[in-house]
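Subject: Structure for your review

Dear colleague,

Please find below the structure that I am handing over to you. My notes on what was found in it follow.

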Amino acid sequence: ENLRALCGVSGQVQSGELLAVIGPNGAGKSTLVRLLAGLEAPTSGAVTLDGAPLGSLSHKDRARQIAVVPQSLDTLPEVHVDDFVLGGRYAFLSPWRGPSAADHKAVRDALAACDCEGLEGRLLTRLSGGQRQRVLIARALAQGSPLLLVDEPTNSLDPGHQLAIFELLSDLAKSGRAVLVVTHELNLASQFATSLVLLNEGLVACEGSADKVLSPDSLQPIYGEGLTFGTMTFHGSEPPKERPFVLPWRRGEG
């Protein structure tokens, strides 16, 4: 039987945009990231970067344009954090010389942005799950690519670091990068995403603003009735705006 993880999905990620992709487990979100990163080829349709087929680019050229933050690493290399993050610069390194001062500065800046200062000399295998997640994001930032694909970056993170990561992704988009983030954190997506896409069973169920996508009409057919909806004032915009929030909180008798 030929099963398709995605079918008829089309769209684009623009510079300056933070696009949040949401949906239940098995909806095709991680497959979408792999296709956009060039790690898998579509069986039909095409993935293009600035009009050019993604498959026509070399591995190094893709790395100069696209940085990917996976959910986790299949295996953990026995390397120090600063060397691991420096690996994100490989697309810019010459085989005839070592890393430059600019490469090392990119590593320091990325570690600082992800609240990883002080972890530089520690082994990746000795970090907590949350620390490793932040280091994964730092490696992608050090890459300096204009398109950032981020697959569930808040896994294993405490609420403070979840908020900090989305603030960082929002700032990167505002600085001119194109950012696509796959997330189950609906309320963080509501606060920071410029637009949202809701996937379900490989199809786009809804796309657009937070008000449109994070609504009972859009979410309840997919997630069921155990959700509570409301609005809160988001002070990260000027003037402050009302944004929807969604809680997995079934209203009823205890």
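A residue is called buried when its relative accessible area is under 20%, exposed when that area is over 50%, and partly exposed in between (1.4 Å probe, protein chains only). By this definition Thr183 is buried, because its relative accessible area is 1%.

The model is predicted: local features need pLDDT of at least 70, side-chain atom pairs count only at pLDDT 80 or more, and totals for chains, interfaces and linings use all residues. Residues are numbered from 1 along each chain as its sequence is written, and side-chain values use heavy atoms, with hydrogens and water left out.

Confidence is given by pLDDT, the predictor's confidence in each residue, from 0 to 100. For the chain the mean pLDDT is 86, and 93% of the residues reach 70 or more. Helices (H or I, at least four residues) and strands (E, at least two) are DSSP runs, numbered from the N terminus. Where pLDDT is low, the predicted coordinates should not be read in detail.

Strand 1 (residues 18-22) deserves attention next.

Two strands pair if DSSP finds at least two bridges between them. Strand 1 runs parallel to strand 6 (residues 178-182), to which 4 bridges join it, and Ala20 stands opposite Val181 there. Strand 1 also runs parallel to strand 7 (residues 195-200), again with 4 bridges; here Ile22 faces Leu198 as its opposite residue.

Thr183 lies in the loop between strand 6 and helix 7 (186-192). Not counting residues up to four places away in sequence, Thr183 is in contact (heavy atoms within 4.5 Å) with Ala20, Val21, Ile22, Phe166 and Ala189. A polar atom of the Thr183 side chain lies 2.9 Å from the backbone nitrogen of Glu185.

Finally, leaving aside neighbours within four places in sequence, Leu169 is in contact with Leu18, Leu148, Val150, Pro153, Val179 and Val181.

Yours sincerely,
A colleague

Note on methods: A polar contact is a pair of N or O atoms within 3.5 Å; within protein, one must be able to donate a hydrogen and the other to accept it, and residues adjacent in sequence count only if both atoms are side-chain atoms.
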